[in-house]
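I opened my notebook today to look up a few things in a protein structure. Come along and check each entry with me.

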Amino acid sequence: AFLFFFTTVSIAQNNSSAELKSDTLYQGEVSCGTCMFKMKGEGCKLAVRIKEKCYFIEGRGIDDFGDAHAVDGFCNAIRKAKVQGEVMNGKFIVSYFEIIEN
C-alpha cells in the first residue's frame with residue numbers, strides 16, 4: 001500500500017510541475033538565445049523567455065522575422081511575443097507565434 005501511495009504522489013507531483021501548458025497563450029520575450037539570453041549552444045537560435053525561464057524554440061527560425069543580425073534583429077534586440085506550444089526535451093515546440101509590435 002505504501003508503494004502505491006508513494007507512486008501516486010510522485011506522479012501527481014510530476015504532473016503538477018509541468019513547465020507550461022500547451023493550451024495556454026503566453027506573453028514572453030523572444031530573442032537569440034545565445035546572443036541575448038546567454039544560453040549555452042552553438043550559433044544563433046531563436047529562444048523565448050517565459051516566467052523567467054528560457055527555452056530554445058523549435059518550429060520557427062531566427063530569420064523568419066527578418067535578418068537576425070539587423071539593428072532590430074533577434075541577435076541585437078529582445079522583443080515581446082505571444083506564444084503557444086509545449087516544452088519537450090527542454091525545448092519549446094511552438095504552435096503559435098505572434099510578435100507584439102511596440
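Predicted model: local features only at pLDDT ≥ 70, side-chain atom pairs only at ≥ 80, totals over all residues.

**Entry on the cysteines.** I looked for the cysteine sulfur closest to that of Cys32 and found it in Cys35, 3.6 Å away, which is too far for a bond. A disulfide needs its two sulfur atoms within 2.5 Å, so I noted no disulfide for Cys35 either, its nearest cysteine sulfur being that of Cys32.

I then asked myself: how many disulfides does the structure hold? My count came to zero.

Cys32 counts as buried because its relative accessibility is 0%. Cys35 has 27% relative accessibility, so I wrote it down as partly exposed.

I traced a closed barrel of five strands, which runs 1-2-3-5-4 with mixed pairing. On average, neighbouring strands of this sheet are turned by 55 degrees against each other, direction ignored.

Which residue of strand 4 stands opposite Gln27? I found Lys82 there.

**Entry on Ser31.** This serine has its place in strand 1. I marked Ser31 as buried, because its relative accessible area is 0%. A polar atom of the Ser31 side chain lies 2.7 Å from the backbone oxygen of Phe74. Leaving aside residues up to four places away in sequence, I saw that Ser31 touches several others, among them Met36, Phe37, Leu46, Phe74 and Ile78.

Technical notes: Residues numbered from 1 in each chain as written. Heavy atoms only, no water. Pairing = 2+ DSSP bridges. Helix = DSSP H or I, 4+ residues; strand = E, 2+ residues; numbered from the N terminus. Axes fitted to C-alpha atoms, helices over the stretch in contact; angles between N-to-C directions. Buried < 20%, exposed > 50% of the residue type's maximum accessible area, 1.4 Å probe, protein only. Polar contact = N/O pair within 3.5 Å; in protein donor to acceptor, adjacent residues only side chain to side chain. Contact = heavy atoms within 4.5 Å.
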